[in-house]
Amino acid sequence: MMRCISPFLLAALLVSGCASNHSAVAPASREAHAISSLWWQFFWVLGIIYILVVATVLICRFKSRRDRANINLPQPADSIPGESKTHRVIAILTGVSVVILLGLLVDDLFASRVLAPKNDPGALNLTVTGHQWWWEIEYGDQDPSKVFQTANEIHIPVGRTISFTLRSPDVIHSLWVPSLHGKKDLVPGHPATLVLRAEKPGIYWGQCAEFCGAQHANMGLLIKAESASDFAVWEDAARKSAVAPMTDQQKHGQQIFLNSTCVMCHAVSGTIAGSHNGPELTHLASRQTIAAGTLPNTRENLALWIQEPQLVKPGARMPGTGLQPNDLADLLDYLQTLK
Amino acid sequence: MKTENVALDVSDLPVSELDHRSLVWWGNVLMMVIETTVFALLVASYLYVRMNFGHWPPPQPNRFPPLAAEYPSIPMGLTTVIPLLISLIPMIWADRAALKLKANAVRWGLFLSILAGGVIAYLRFRELRYLPFDWDDNAYASIVWTLCGMHLMHIVVATCENIVMFAWAVVHSLDKKHARDVRVNAVYWYWVVGIWVPLFCIIYVGPRI
Amino acid sequence: MRLVEAPDQTRRSVDEKNLHHVWSRVEGVIGWLCTTNHKEISLRYIITAFGFFCAAGVLALLMRLQLSVPNNRLIGPDLYNQLFTVHGSTMMFLFAVPVMEGVGLYLVPLMIGTRNVAFPRLNALGYYVYLAGGLVLYGGLFCNIGPDTGWFSYVPLAGPDFSPGKRVDFWAQMITFTEISALIAGIEIIVTVFKQRAPGMSIDRIPIYVWAVLITAFMVIFAMPAVMLVSTMLAMDRMSHVATHFFNVAEGGDALLYQHLFWFFGHPEVYIIFIPATGFVSTIIGTFSRRPLVGHSALVLSLIATAFIGFGLWVHHMFATPVPILGRSFFTGASMLIAIPSGVQIFCWIATLWTGKPVWKSPLLFVLGFFAIFVLGGLTGVMLASVPLDLQVHDTFFVVAHFHYVLIGGAVFPLFGAFHYWFPKWTGRMLDEGIAKLTFWLMFIGFNLTFFPMHQLGLEGMPRRVYTYHANLGWNGLNMAASIGAGVMGIAVLCFLYNVLKSRRSGVIAGNNPWQAPTLEWATTSPPQPYNFLYQPTVNSMHPLWFDRPNQPFVVGLKTDRREVLTTTLLHAVPEHIHELPEDSCWPILLTVVISGTLLGVIFNPWPFVIGMIPMYIVLFAWFWRDIDLKHLGRAK
């Protein structure tokens with residue numbers, strides 16, 4: 001949920017703007033660091049140039065303050081003294097500009113090399129499929145029985161190369177988690193690859209960054225980078241099917257889930273619900289947010305999202321369910337067992 | 001205004017020009033540049049889309065029987081190319097006659113050009129029907145139909161312009177302004193013929209290479 | 001062709017009376033609709049474009065209102081998506097390019113010393129078609145079927161599968177209208193500048209503004225066809241009985257093909273907007289520095305270089321898509337390279353101010369604003385040229401900040417400078433200097449308050465085109481600041497409007513040359529007569545009103561009982577022949593009605609395209625055949 005940003009970080013954010021979990025200048029991966037360093041180099045070089053240009057213009061403004069009532073008659077360019085010196089100055093400045101740009105270009109090439117996809121046999125392969133308006137993630141493995149899916153929330157181990165394969169079956173989306181890397185578009189017909197290696201554990205916020213329709217604004221994404229051991233624990237749990245419901249309310253809730261329109265789109269492994277039109281829900285209760293980062297994952301928000309999805313995300317493909325309060329309560333009980 | 005006591009008298013300059021010195025000539029050239037750019041972009045799209053296909057031209061699963069791949073027929077294509085090249089003759093005749101302000105020759109040249117244009121338009125319709133695909137089969141088909149269709153539009157427009165010129169030449173005699181217009185349209189026709197030659201090669205010959 | 005004695009006062013009065021009779025338009029509504037006077041048509045372009053500017057500004061204010069606080073429920077996603085689409089489309093297609101064309105079509109014939117553009121009726125057609133296109137777009141918006149897929153309307157989102165209905169088709173047809181108009185304006189400028197310059201105005205004496213507009217016109221010729229093609233391809237994909245597959249991935253079409261074709265137009269488009277503005281900056285700096293521009297040739301070559309290189313940059317809009325890495329490096333290089341000619345221009349301008357004796361009137365103040373704002377935008381552009389940096393800030397508010405800095409700083413500020421500079425020529429009265437200064441400061445402060453925070457927002461993760469955002473992402477304060485700034489900009493525009501309306505009535509009378517400027521438009525009355533100059537001038541230098549000798553001859557011998565202009569050769573402007581221009585005509589507006597009906601019909605069905613050819617042919621036939629004599633329809637002046 002959004003309260004992942006601790007109060008300390010929030011205060012620091014207000015002060016510096018740099019200690020955030022969703023900022024290109026608060027990098028947490030090898031690639032984002034390279035980009036962030038490049039950013040600051042460009043910033044200082046170009047910033048100084050800007051200040052010099054503006055200062056020169058202001059000097060022109062203030063070095064001749066008097067408004068002339070009698071406007072002098074101009075002279076042809078070739079009879080103005082010092083004109084060739086002026087030309088020389090401009091030529092030198094142009095030369096200096098070329099050198100500076102070349103320097104920036106070289107800088108850029110070095111940073112690009114860090115971002116180039118590398119062939120790392122130990123990489124973790126994830127396939128991200130963008131949909132209107134949620135993220136489907138599949139964790140690949142050499143052993144097909146170990147492949148599993150999740151939605152809207154990605155866990156990755158720190159210090160290991162992650163290779164994302166990006167696809168889209170509908171419109172163009174763009175995967176962007178600023179603290180971890182630049183963005184990459186998910187273009188129908190053109191699968192893409194994004195490679196990154198997180199270096200700092202944390203929860204990082206991202207959003208779809210290519211306009212994809214009505215709810216583009218609410219297509220958020222969380223990436224949690226954790227230690228290798230924590231990740232292994234999570235991975236094992238994620239591979240498991242859903243636990244069977246225990247109490248009567250939970251069982252009744254499961255019945256409601258399986259007998260209503262929910263199963264048309266949502267899958268829960270271990271039950272007969274197997275549709276992949278919408279996000280799979282096997283471990284819904286472990287996620288920080290629902291509706292692709294739109295709401296924190298609480299009971300009340302789940303209730304709102306299920307009953308009135310068009311209030312939360314107008315235009316979303318999820319129909320309202322019109323459940324009675326008792327049924328809704330039982331359904332929520334069931335959903336909250338899906339850890 | 002400045003006080004001068006000298007002026008430049010231009011009253012003896014000609015009042016109309018029949019070649020590149022006229023304004024309409026330049027307007028026509030620019031229009032042809034614009035249209036050439038459109039065709040060039042379509043050709044670029046054709047080559048770009050080619051990267052999405054394993055076989056080129058793509059197979060035709062919508063036909064019965066389905067075709068694995070069939071090249072557009074070169075003889076069919078030539079039924080338009082050759083008449084186009086032949087149609088240059090009456091157009092050049094009208095062009096030269098207009099330069100010399102020979103009204104009768106212009107009338108005949110235009111008449112034959114209009115006939116040629118009509119025949120070529122009909123042949124182009126036939127050519128399109130003989131293509132082994134419809135415009136809505138796939139991306140390749142859409143682009144090829146658009147190339148042929150756009151060119152057909154130019155044939156029709158140029159012929160319609162010739163009709164206007166012909167009507168004027170019949171009703172009135174040929175003055176310098178309208179002779180210039182005939183010449184400008186002739187240049188347009190040369191372009192219509194000329195642009196089709198590379199397009200023909202790309203559509204009909206290219207896939208076989 | 002020979003030198004004769006200048007006409008005496010009697011002769012001049014007779015000529016003046018005849019020219020008035022021949023060049024004035026017929027009175028009444030019909031005369032107004034059928035005019036072919038380039039100045040009247042240009043003022044219509046400018047006023048219409050300004051109207052669209054205000055409309056798009058209102059849309060922007062609504063957007064900023066919605067974004068001022070997080071999770072705002074003022075405007076829902078559907079309306080918001082229409083707002084930003086129509087805002088962007090209006091600014092790019094209905095304001096920026098037409099206003100630059102309009103000002104160019106007004107000034108170029110005057111600056112080169114001729115009486116009208118090369119094809120006066122075509123010019124009128126260009127304006128009416130532009131107006132129709134704008135009305136089509138806003139008609140859609142007001143019926144709540146405005147386009148909602150962004151001003152560049154990417155596929156597959158804008159394709160038939162994901163944007164059902166007619167919204168995107170309104171957008172695609174608006175493009176057809178405005179591109180026809182832009183191509184017409186481009187043709188006019190090129191042919192007029194090539195063939196109708198004053199005798200003696202050889203290539204090296206063409207004013208820098210005319211160069212800028214000429215180069216822009218060439219860019220238009222090569223760039224506009226791309227957008228016309230791609231919007232037509234999109235429309236054909238979407239049309240139910242046509243259903244082509246240019247962009248349908250399932251049938252071998254390509255979503256990236258759309259982007260390549262669009263941006264092949266899209267990048268030159270921004271230079272089409274910017275280069276005329278550099279013409280404004282050059283002119284204003286030259287006049288008010290009281291000296292010729294430093295490095296005139298360098299400035300012209302920089303413009304030409306910018307135009308060429310500008311066609312080789314387009315993939316930098318696509319760095320985040322899966323295009324080959326090597327290709328991206330080429331476009332990084334080209335995108336950085338284009339900073340060099342822009343830099344050369346900046347150095348020349350500053351050198352002119354430094355070595356001149358500047359007079360700080362309001363037009364020059366707006367040019368100062370241009371420096372402060374455009375240079376910042378240009379430098380963030382260098383950042384965007386780098387692929388790694390672009391991958392972070394592409395499609396975020398950083399890019400929104402960048403392009404507003406370069407477009408508002410690089411085009412709108414010079415444009416306002418140009419308004420203040422040429423308003424006296426267009427209307428005969430000066431704008432109020434005090435209100436002008438207030439306008440400038442409100443605009444400068446409002447602009448920076450609106451757009452500077454957006455750099456930070458982009459770096460902090462805020463993507464573009466979002467109708468709302470979460471409260472706990474740290475974006476609240478910056479968004480509120482931006483929204484307040486937008487309000488201040490709105491007030492600035494109102495200030496300017498007040499200045500215009502007030503000064504039209506009671507501004508100081510300007511006279512021919514209130515700024516003591518060097519170019520030919522200042523050699524005639526303010527506003528100019530319908531025939532521009534009593535006698536067409538000849539020139540002997542690039543700054544005729546500063547450096548020509550006092551007895552520079554002017555042109556006589558043209559008939560004054562019909563509309564005649566002199567044409568000259570391309571390179572050396574030697575008089576060549578006399579060209580007769582047509583009278584005012586009703587065909588342009590009639591043709592516009594036919595074209596509009598056809599294109600509007602095509603939104604709904606493909607058949608109007610074929611059926612519409614018939615009335616189009618009839619009107620064009622009549623156009624070429626003869627003009628209806630309006631003087632017998634209306635009362636002659």
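The model is predicted, so local features need pLDDT of at least 70 and side-chain atom pairs count only at pLDDT 80 or more, while totals for chains, interfaces and linings use all residues. Residues are numbered from 1 along each chain as its sequence is written, chains are lettered from A in the order in which they are written, and side-chain values use heavy atoms, without hydrogens and water.

**The cores**

Select Ile154(A), Ile156(A), Phe164(A), Phe262(C) and Phe371(C), which have the most contacts inside the largest nonpolar core, a set of 330 residues. A nonpolar core joins buried Ala, Val, Leu, Ile, Met, Phe, Trp, Tyr and Cys residues through side-chain atoms within 4.5 Å; buried means under 20% relative accessible area with a 1.4 Å probe, protein chains only. Next, display helix α7 (residues 208-238) of chain C, which gives the largest share of this core, 22 residues. Helices are DSSP runs (H or I, at least four residues) and strands likewise (E, at least two), numbered from the N terminus.

For a second, separate core, of 25 residues, select Ile256(A), Cys262(A), Val268(A) and Ile290(A), which it includes.

**Chain B against chain C**

Show both chains: 53 residues of chain B are in contact with 68 residues of chain C. The buried area, that is, the accessible area (1.4 Å probe) lost on putting two parts together, summed over both, is about 5400 Å² here, and carbon and sulfur atoms give 70% of it. Select Asp9(B) and Arg2(C), whose side chains meet in a salt bridge at 3.9 Å, N to O. The term requires a side-chain nitrogen of Lys or Arg within 4 Å of a carboxyl oxygen of Asp or Glu. The rule finds one such bridge across this interface.

**Chain C against chain A**

Turn to the contact of 85 residues from chain C with 84 residues from chain A. About 7300 Å² is buried between these chains, 70% of it on carbon and sulfur atoms. Select Phe347(C), Trp360(C) and Gln392(C), which supply 10% of the area that chain C buries against chain A, more than any other three residues. Finally, select Glu83(A) and Arg291(C), where a salt bridge joins the side chains at 2.6 Å, N to O.

Note on methods: Buried < 20%, exposed > 50% of the residue type's maximum accessible area, 1.4 Å probe, protein only. Contact = heavy atoms within 4.5 Å.
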